[in-house]
Structure formats: C-alpha cells, structure tokens
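The sequence and the structure come before the commentary.

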Amino acid sequence: MTASCPFQPDCRNCTRLAQHLDQVKTDYPDYHARPVAPFGDQTAKLLIVGLAPGLHGANRTGRPFTGDYAGILLYRTLHQFGFASHPESIAADDALRLINCRITNAVKCLPPANKPLPAEIRQCNPFLAAELNEFAKHGGQALLALGTIAHQAVLMALGCRNADFPFSHGAIHTVPGNLRLYDSYHCSRYNTQTRRLTETMFEQIFDSIRRDMAPAR
C-alpha cells in the first residue's frame with residue numbers, strides 16, 4: 001500500500017454530493033452538512049468502514065454513526081466488546097471514547113437517498129486508501145466492512161479484485177498489509193428490522209474479531 005491524499009474537511013470534488021450538501025444546509029442550518037471525518041483511536045487495531053453519513057445521523061452531528069438508528073447497535077456492541085467507553089454515541093462533543101478502534105466511511109459525504117454513485121465511491125477512495133495505509137503502518141490488524149459497498153471500497157483502496165475476495169456475512173479475508181477483513185451486513189434499520197442482521201449475528205462478528213486480536217499464549 002502507498003500513501004494517498006489525507007481527509008479534506010471541505011472537499012467538493014463530487015459535484016452532485018456538494019450540491020446536495022448545500023441544499024441540506026439550507027434545509028437544516030444547524031447540521032454539519034460537510035464531509036465527515038473518521039472518529040476514534042489514531043493507532044487502533046480495529047478499523048470499521050461504513051457506507052456513508054446518514055442524513056440525520058453523521059451528516060447532522062459530524063461523527064460517524066452518531067444520531068441515527070444504525071449507530072445504536074454499533075456503539076452498544078462496541079461497548080460490549082470493550083471498544084468504546086460508553087454504549088451510546090449522542091453528539092460529537094459527548095464524552096464517548098473509542099478504545100483501540102476507529103470508524104470511517106467509504107464515502108465521506110451524504111449521498112442522495114443514501115446511494116453514492118460508483119464514480120463518487122471512486123472519487124472518495126483515495127481518502128480511504130490513505131486511512132488504510134496509516135492503519136497498517138501503525139499496527140492495525142482488523143478491518144470490518146459494514147455491507148457490500150464498504151467491502152468493495154476497501155478492496156479498491158487496497159488494489160484488490162472483488163472476485164478474489166467475495167462479500168459474505170461472517171467471511172474473513174486475509175488482505176494486503178497483513179490485515180484481516182471481516183464482513184458484516186450493515187447495521188441499518190432495514191437490515192435489523194427485517195432480521196437480515198440480528199444482534200446475535202453482529203455480536204458473533206465482534207467475538208471473532210476480539211478472539212483473533214487476543215495475544216497468543
């Protein structure tokens with residue numbers, strides 16, 4: 001892996017996303033409505049990659065998975081497995097700390113209808129590549145991709161082919177950088193309410209990560 005461009009808090013490289021954020025800021029003046037920076041431990045052993053900020057979640061608060069339904073299960077599970085100081089993420093200025101964990105998104109800006117275009121995913125991918133480079137350089141071990149798009153964005157950033165590492169809930173892949181890539185369905189309201197992803201299924205992913213990260217005896 002090679003270093004790429006760092007996160008840009010005022011990036012407007014995707015015209016459609018920039019215009020969408022402008023409209024959101026007009027509709028909701030108090031919202032963050034800008035690219036959302038990664039959150040957590042700079043030298044984490046676990047990096048979680050989501051899809052993109054949610055309209056009333058990270059796009060509102062400025063912190064990944066904060067203020068929307070998907071974050072409820074995620075942060076509760078992180079706390080359960082010792083990766084977060086509290087079971088809830090309420091606001092970007094609350095007392096929550098991530099422990100040996102960091103959270104980011106494949107696309108840093110809110111996409112219309114929560115669906116980024118392929119070109120937007122590619123445009124944003126150098127930011128993710130830079131994060132993965134830093135993650136590996138500082139001893140990172142485990143990548144958790146929440147959903148197919150996040151999984152494929154990680155592979156793109158690592159220079160891997162999708163066909164060599166197919167997405168499947170519960171799958172574990174060894175990828176460049178001496179990293180393990182864990183796959184999970186996204187912890188969205190739709191997936192949890194339809195039972196495509198249950199709490200037990202999500203906890204099993206973190207149980208695998210925690211066991212694999214434990215030092216050998």
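**Cavity, pocket and fold**

The largest cavity has a volume of about 120 Å³; a volume is the space filled by probe spheres set on grid points, which are joined across faces, edges and corners. A cavity is a set of points, on a 1 Å grid over the protein atoms alone, where a 1.4 Å probe fits but cannot get out. The model is predicted: local features need pLDDT of at least 70, side-chain atom pairs count only at pLDDT 80 or more, and totals for chains, interfaces and linings use all residues. Residues are numbered from 1 along each chain as its sequence is written, and side-chain values use heavy atoms, with hydrogens and water left out.

**Cavity**

- The count by this rule is one cavity of 30 Å³ or more.
- Lining residues have an atom within 4 Å of a point; the largest cavity has 16 of them, with C11, N13, C14, L17 and C109 nearest its centre.
- Helices α1 (15–27) and α4 each supply at least two residues of this lining; helices (H or I, at least four residues) and strands (E, at least two) are DSSP runs, numbered from the N terminus.
- The lining of the largest cavity comprises eleven nonpolar, three polar and two charged residues, where Ala, Val, Leu, Ile, Met, Phe, Trp, Tyr, Cys and Pro count as nonpolar, Asp, Glu, Lys and Arg as charged, and the others, Gly among them, as polar.

**Pocket**

- The largest pocket holds about 800 Å³ of space; a pocket is an open set of points with protein on both sides within 12 Å along at least five of seven lines.
- Its lining has 29 residues, and L51, N114, H186, S188 and R189 lie nearest the centre of the largest pocket.
- Two or more lining residues come from each of α3 (69–80), α5 (148–158) and α6 (189–193).
- By class, 15 residues of the pocket lining are nonpolar, ten are polar and four are charged.

**Sheet and helices**

- The protein chain has seven helices and six strands.
- The six strands form an open, mixed sheet in the order β1-β3-β2-β4-β6-β5; two strands pair if DSSP finds at least two bridges between them.
- Strands β1 (39–40) and β5 (172–175) are at the edges with a single partner strand each, so one side of each lacks a neighbour in the sheet.
- Strands β4 (residues 142–146) and β6 (residues 179–184) pair in the parallel sense over five bridges, and A142 has R180 in β6 as its bridge partner.
- Helix α4 (residues 118–137) packs on the sheet and touches β2 (46–50), β3 (101–105), β4 and β6, contact meaning heavy atoms within 4.5 Å.

Notes. Axes fitted to C-alpha atoms, helices over the stretch in contact; angles between N-to-C directions.
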